[in-house]
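We will go stop by stop, with something to select at each.

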Amino acid sequence: MAMARSSTRSILETNAMTPDSALLTEERLRVYHLAASQAAPSFAEDVGRGLTASPKYLLPKYFYDALGSKLFEAICELPEYYLTRAEAEIFRDCADEIAAAIGGPVRLVELGSGDGRKTRLLIEALLARQDGLEYLPIDISASAIEQSSEMLLFAHPELRITAWVAEYQEGLRALAREPPWAGRTLVLFLGSTIGNLDSAERTGLLRQVRATLRPGDALLLGVDLKKSEEILIPAYDDSLGVTAAFNLNLLARINRELGGGFDLAGFRHRAVWNEEQGRIEMHLESLRAQTVPIRDLDLEVRFEEGETIHTESSYKLDPEQVRALASGTGFELRRTWTDREDRFGSCLLAAR
């Protein structure tokens, strides 16, 4: 069912634009489409690079085509997948405490707007403490920004939104060019997305976030905490096989978009806990020796029986690792809120 629109309309540009050339919409919503500073590799280029590497890999950002996004929504509802429920519990129980810990007045920046359900709880807590609020989401998906902005503006007349359709790095550079803000800035990086980055990537992103902030500003970082393998493996290999379908859809996407010849029955989903690296890994394992043609790449990919394609890593962190990450990127870990079973942490990192 379509939601009734508020009096503020969203106009999304179809062409890549520089921040200065974006259209201003009516006064409660601005949406900018940012051109990347350099051309990003295409799906075809990344697939060719990953499947000719040793070991083979595919980038997890390509999970989220139309079907993959729907499958991930289903994953979030599975009993084994605790992450979404645990973080939502924190926001339901602690949004007022989080808002109070920042001081104010506050503007809210978010890396990856998603569907806005958890963010809405914090927005409500902040609006209970101040007369209005500026929300500044950065997301690569124009549809995610449009849908979440429509919902939030309809629900909260006191809200203004400035949004960037961009990769995080480009959006943060645009944020730094915004007029100075007299109050405090709180950046949200929710979910367990930080866990999809390796150590160097985590450090690089948080340093860029810190460069946009002033002392007293803060980052609220979602962290999936280390826990037993008995809990972790089912979260990434559920009994209904939804996560397996999500992973295998990468191969189906190559078939659909690049003329691939993957027989999905010839591969199986695997989730393994890498104790040394502190991460869950998702792989696609070839069940037999086979050669797979990819027409649009003019490529034939040879697989040995048991050979895998590494499709995702999800690092799990402990409090000391979070403290060290904060210290090394110009922040100080001030407080961590957890769900009742201590599975997930919302960590408040104050800019030094």
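**Stop one: a leucine and its contacts**

Select leucine 58. Beyond its neighbours within four places in sequence, leucine 58 is in contact with Val47, Leu51, Leu250, Leu251, Ile254, Ile309, His310 and Thr311. Contact means heavy atoms within 4.5 Å.

This is a predicted model: local features need pLDDT of at least 70, side-chain atom pairs count only at pLDDT 80 or more, and totals for chains, interfaces and linings use all residues. Residues are numbered from 1 along each chain as its sequence is written, and side-chain values use heavy atoms, with hydrogens and water left out.

**Stop two: the cores**

Now select Val47, Leu51, Leu58, Leu251, Ile254, Phe262 and Ile294. In the largest nonpolar core, of 36 residues, these touch the most other members. Helix α9 (residues 242–258) gives this core its largest share, seven residues. A second, separate core has 35 residues, including Val31, Ile102, Leu152 and Val165.

A nonpolar core is a set of buried Ala, Val, Leu, Ile, Met, Phe, Trp, Tyr and Cys residues joined through side-chain atoms within 4.5 Å. Buried means under 20% relative accessible area, exposed over 50%, partly exposed in between (1.4 Å probe, protein chains only). Of the chain's 352 residues, 53% count as buried.

**Stop three: a sheet**

Switch to cartoon view. Find the open sheet of four strands, in the order β2-β12-β9-β8, with mixed pairing. Its edge strands are β2 (56–57) and β8 (267–274), each pairing on one side only. Strand β9 (residues 279–286) pairs with β8 in the antiparallel sense over eight bridges. Select asparagine 274: its bridge partner in β9 is arginine 279.

Two strands pair if DSSP finds at least two bridges between them. Helices (H or I, at least four residues) and strands (E, at least two) are DSSP runs, numbered from the N terminus. The chain has 10 helices and 14 strands.

**Stop four: two cysteines**

A disulfide is a pair of cysteine sulfur atoms within 2.5 Å, and the structure holds zero. Cysteine 94 is buried at 11% relative accessibility, and cysteine 347 is buried at 2%.

**Last stop: confidence**

Colour by pLDDT, the predictor's confidence in each residue, from 0 to 100. The chain's mean is 91, and 92% of its residues reach 70 or more. Select residues 1–25: pLDDT stays under 50 there. Where pLDDT is low, the predicted coordinates should not be read in detail.
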